[in-house]
Amino acid sequence: MKVKCPTCGSQVAWTESNAFRPFCSERCRTIDLGAWASERHRIAGEALDAPSDAGTPTSGEAGDRKG
Ligand SMILES: [Zn+2]
């Protein structure tokens, strides 16, 4: 069985001896993981800086009284 390396697109043999599958080499795997990690860092940084007043439910005002 062969798969395409997600980083460079070359054909990779899917075998147990290939420790980098589905990547063709350690280099391609490192590139992909690096891109993924930097995305995570960027998102986390924005989340820390985000305002916290979004989606606050308003209480009361809805008619639920007896009468
Ligand atoms: Zn590759």
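## Contacts of phenylalanine 23

Two residues are taken to be in contact if their C-beta atoms, placed from the backbone, lie within 7 Å. In this predicted model, and with neighbours within four places in sequence left aside, phenylalanine 23 is in contact with Cys5, Pro6, Thr7, Val12, Cys28, Arg29 and Asp32.

Is phenylalanine 23 buried or exposed? Phenylalanine 23 has 23 other C-beta atoms within 10 Å. The threshold for burial is 20 or more such atoms, and phenylalanine 23 therefore counts as buried.

## The loop between β2 and α1

Phenylalanine 23 belongs to the loop that runs between β2 (11–13) and α1 (26–49). Proline 22 is located in the loop between β2 and α1 as well. The peptide bond joining arginine 21 and proline 22 is cis, with omega at about 5°.

## The chain as a whole

The secondary structure consists of one helix and two strands. Along the sequence these elements follow the pattern β-β-α.

Burial and contact range can also be stated for the chain. Of its 67 residues, 4% count as buried; phenylalanine 23 is a buried residue. Among contacts in the chain with a separation of 6 or more, 9% are accounted for by residues 24 or more positions apart.

Note on methods
Residues are numbered from 1 along each chain as its sequence is written. This is a predicted model: local features need pLDDT of at least 70, side-chain atom pairs count only at pLDDT 80 or more; totals for chains, interfaces and linings use all residues. Helices (H or I, at least four residues) and strands (E, at least two) are DSSP runs, numbered from the N terminus. A residue is buried if 20 or more other C-beta atoms lie within 10 Å of its own, exposed if 12 or fewer, and partly exposed in between; C-beta atoms are placed from the backbone.
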